[in-house]
Number of protein chains: 2
Amino acid sequence: MNTKGILIVVSGFSGSGKGTLMKELLSRYPDTYALSISATTRSPRAGEEHGREYFFISKDEFEKMIAKDQLIEYARYVENYYGTPREYVEKKLSEGKDVILEIEIQGALKVKKAFPDTLLLFVTPPNAAELRDRLVGRGTETMDVIKSRLDRACEEAEGMDSYDYLIVNDELEACVQKMHEIIQGEHQRSFRNKDFMKEIKEDLERLKGEE
Amino acid sequence: MNTKGILIVVSGFSGSGKGTLMKELLSRYPDTYALSISATTRSPRAGEEHGREYFFISKDEFEKMIAKDQLIEYARYVENYYGTPREYVEKKLSEGKDVILEIEIQGALKVKKAFPDTLLLFVTPPNAAELRDRLVGRGTETMDVIKSRLDRACEEAEGMDSYDYLIVNDELEACVQKMHEIIQGEHQRSFRNKDFMKEIKEDLERLKGEE
């Protein structure tokens, strides 16, 4: 069966807990998954480390990567570039690892277009009421903060249909397990096993010829 | 999330062990799955029971079912009709059970056309050599038997690409588990959760209106 890694994009609502989910998935199955680290031209915030949250590079370096086609996808938000370095992703995939990109919807769709076999997962709270609670917070947020979160959530919700699966983050342990099962089940999709099917067909034809 | 049952068609190579696989899946998860029993006009063989292997009915009764659109799909092989009664399938799906039809490729494609959300699973031995061994047997089969098995296997192999997943029947316990995970994972496909996504979107829009 398919032993090549699957390219996986994980997106989700802010507050859906997808960061924690990814961390748990990777720590539980370190030999199965690899997390792609994005490159960015923005400055590191307090506590962020080069090569852990992001590769922090200069605008000049970033534009060289664009020119050399060394990014799978990239986008510019406000003044800064964000992108997915190609080399790491391709290396890990060829080693048989399932590679996870944690990016926004626009990037997700670009990746899917370039690599149609990409698996798109969207992390969501279990229901609308829960999502609302997480967006509105405990009543200590300003109206501006809530409004900007809502705008973003609406945009994210519009993109949900483009994803292959919804990952419902209700209880962390159960959700990680389910996510793992969904991804591993995907390895058995027919379209990911064209070589296997070809081999079976050729062998049967050969056998028929021997009769 | 999606609580409606999924319609599942299971096909596979002769000798792939799909019968044993189905039996084990149903006995392990009796509340999750329901097995659709086909109707046929052929006579029961020794050991077969009405309502267990098949519903054995007359040609006249079968043709009445066709006329009343009471079959999801049907086909005629040699002198006999085989078909899937609609009532049982729709009842179980609405109860939230995942309903399994164990039918051949032609029937599978008819069901998929009528119900595009049908999940198609194809059971196969782990590799071509194993398939060959199962087809050729222990050297005690006549050439005619082997030839007819091979012809059928070639036909089945041609249809493999139309299925959603390949179920590799290597070790029974592991295979049943995997099959269960694949089906349950399918419940989280976006296209099976349109109501959920709609509710989230509407709730977000309502919240925005309140701002």
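Predicted model: local features only at pLDDT ≥ 70, side-chain atom pairs only at ≥ 80, totals over all residues.

Student: Where does B:Val78 lie in chain B?

Tutor: In the loop between β5 (71–77) and β6 (80–85) of chain B.

Student: And what's its phi near?

Tutor: Phi of B:Val78 is near 50°, which is positive, and the residue is not glycine. Most residues other than glycine have a negative phi.

Student: What about A:Asp69, buried or exposed?

Tutor: Exposed, because there are 8 other C-beta atoms within 10 Å of A:Asp69, and the cut-off for exposed is 12 or fewer. A:Asp69 sits in the loop between α2 (59–67) and β5 (71–77) of chain A. Its phi is positive too, near 55°.

Student: OK, switching to the contact. How many residues does it take from each chain?

Tutor: 34 residues from chain A and 35 residues from chain B. On the chain A side, α8(A) gives the largest share, 9 residues. That side has 18 nonpolar, 4 polar and 12 charged residues.

Student: How are the two chains related?

Tutor: A rotation of 180° with 0.0 Å of shift along its axis puts chain A on chain B, with an RMSD of 0.0 Å. That's the relation of a two-fold axis.

Student: Why do we say the copies meet through the same surface?

Tutor: Because 100% of the interface residues of chain A are interface residues in chain B as well.

Definitions and conventions: Residues numbered from 1 in each chain as written. Chains lettered and ligands numbered in written order. Contact = placed C-beta atoms within 7 Å. Helix = DSSP H or I, 4+ residues; strand = E, 2+ residues; numbered from the N terminus. Nonpolar A, V, L, I, M, F, W, Y, C, P; charged D, E, K, R; others polar. Least-squares fit on C-alpha atoms with pLDDT ≥ 70 in both. Buried ≥ 20, exposed ≤ 12 C-beta atoms within 10 Å, placed from the backbone.
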